[in-house]
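Thank you all for coming.

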Number of protein chains: 2
Amino acid sequence: MTETKQMVEEMKGWIYAAAERIKMSLKNEQLEIETKSNRTDLVTDMDKDTQNFLSKKILAFDPTAKIMGEENGKDHLADLSGRVFIIDPIDGTMNFVLEAENFCIMMALYEDGIGKLGFVYDVMKDEFLYGGPAYGVYCNGEPVSLPENKSLDQGLVGLNHVMYRKDDYHVQAIGEIAMGVRMSGCAGYELINLAMGRRVAYISRLAPWDYAPGGVLIEALGLKMSNITGAKLQLADREVFLAGTVAAYEACLQLANS
Amino acid sequence: MTETKQMVEEMKGWIYAAAERIKMSLKNEQLEIETKSNRTDLVTDMDKDTQNFLSKKILAFDPTAKIMGEENGKDHLADLSGRVFIIDPIDGTMNFVLEAENFCIMMALYEDGIGKLGFVYDVMKDEFLYGGPAYGVYCNGEPVSLPENKSLDQGLVGLNHVMYRKDDYHVQAIGEIAMGVRMSGCAGYELINLAMGRRVAYISRLAPWDYAPGGVLIEALGLKMSNITGAKLQLADREVFLAGTVAAYEACLQLANS
């Protein structure tokens, strides 16, 4: 496959269209909100509706494509061969419900387990990071290049609040070394920030749809990611995710496993 | 004094003008960055320059006004009688330096120790909350009313990461009860969010210029604030600040002092 400009533009178009639907829903509708695994694990009708909307676009584009997504029972794929789309229809559902901002629509395209394209759109901020290893990485049409290789003590680190409270993997020490800790409740927001040089590292407990779309982009830029032990992410169950500049990633990996 | 529309518009104009200078500096200049009390307590030439710019506007408007501000040795006022302006030229200097967003220009007008007007401008988001108890509270020209009185377990809480790491005042229990914890590194951002119903509470260690401008606005709306023991904030030294909806404020106060 060649990740042509036409193909990237088509996929961006799906996501912009999905964003318009979501923005309309914020203006016009009463959201239907349900809980999933626990009281803070929310899903709305717009999460499900957006995943269906994107799935239809994908299958019209390629009826043979497989789809993995956060909602609608599509959260596992045993076989990652061929063309696989991984969707998070609304990343940061809690923010969508309680802030009406700081949420992202995200989509990744993998082929035979290799990340080809990633799309992370912060809808209300209108900041869209997209591209891939062959295509290059862009933010709102402007090329993005590898940010400065700042060390952990030179930048901000995005952390998960439950992990920080429990000091899982020594994240409190990591936060203390960093210039500051940020918690946004949105993996897409953190990975855009990492790509744009506004974070030196990000650690959280994430599912494939949380990290795959941004992950394709940060790896394409030359930033590092893995699970917290340094192993390759499996695109299967939830894992503790670590990403950063080369320097900050190495420092976090060492601290987390010390 | 009557806080006329003309006067509010004039003060908004100073802040918009200061914001233009700051945005120009992000495009054109190499920031001069120094540390103050410790390695993460930053000040840039733009903090100092912006405070001077606003101070000149204030003294041209009222040569008898007193000024308290974060920078330039203006950080204490023994006598709060008469007309006092309290300025934070760049609230969230770390974000200004490392993110080039998520910082606010803030200004409060007090008369004889009573908050009359507050201005909190999130420059890059272009979200401007302003007004006062007599004038009403507005966001970008639209009237803002008291948000729903959500309980702590119904919303997001903004917390300071050092307090959260050290579990000062049981903020970890507070975070566990809330729907989620957010850390932004910017008091103004958190207080706009509280006023707009995107937070139920906010706890941090703050100086007068951090809380006075937003504080005037959240009290004008009918939200609650005090220091963490429930005592009136002193507009003097740094204090642990608590603000929230009535319900979440009371819950935090009880948990913090239990």
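Where do A:Lys23 and A:Glu20 both lie, and how many residues apart are they? This is a predicted model, so please take every value as computed from it. In the model, both residues belong to helix H1 of chain A, residues 5–28, where they are three residues apart, about one turn of the helix.

In chain B, B:Arg21 forms a salt bridge with B:Asp49, the closest N and O atoms being 2.5 Å apart. Because B:Arg21 lies in helix H1 and B:Asp49 in helix H2 (residues 45–61) of that chain, the pair ties together parts that are 28 residues apart in sequence. B:Arg21 has a relative accessible area of 33% and B:Asp49 one of 30%.

Let me turn to the interface. Chain A and chain B each contribute 35 residues to the contact, and the area buried between them is about 2800 Å², of which carbon and sulfur atoms give 48%. On the chain B side, B:Leu98, B:Arg165 and B:Met179 lose the most area to chain A, together 24% of what that side buries. One of these, B:Arg165, forms a salt bridge with A:Glu176, in which the closest N and O atoms are 3.8 Å apart. Between the two chains the count is eight salt bridges, and 23 residue pairs are in polar contact across the interface.

B:Asn193, in helix H6 of chain B, residues 187–195, is buried, with a relative accessible area of 0%. Leaving aside neighbours within four places in sequence, B:Asn193 is in contact with A:Glu99 and A:Glu101 from one chain and with B:Arg198 and B:Arg199 from the other.

Finally, the nonpolar core. The largest one has 42 residues, and those touching the most other members are A:Tyr164, A:Ile203, B:Leu159, B:Tyr164, B:Met183 and B:Ile203. Beyond four places in sequence, B:Leu159 touches residues including B:Tyr164, B:Val171, B:Val181, B:Met183 and B:Ile203.

Key
Residues numbered from 1 in each chain as written. Chains lettered and ligands numbered in written order. Predicted model: local features only at pLDDT ≥ 70, side-chain atom pairs only at ≥ 80, totals over all residues. Heavy atoms only, no water. Helix = DSSP H or I, 4+ residues; strand = E, 2+ residues; numbered from the N terminus. Buried < 20%, exposed > 50% of the residue type's maximum accessible area, 1.4 Å probe, protein only. Contact = heavy atoms within 4.5 Å. Buried area = accessible area lost by both parts, 1.4 Å probe. Salt bridge = Lys/Arg side-chain N within 4 Å of Asp/Glu carboxyl O. Polar contact = N/O pair within 3.5 Å; in protein donor to acceptor, adjacent residues only side chain to side chain. Core = buried A, V, L, I, M, F, W, Y, C linked by side-chain atoms within 4.5 Å.
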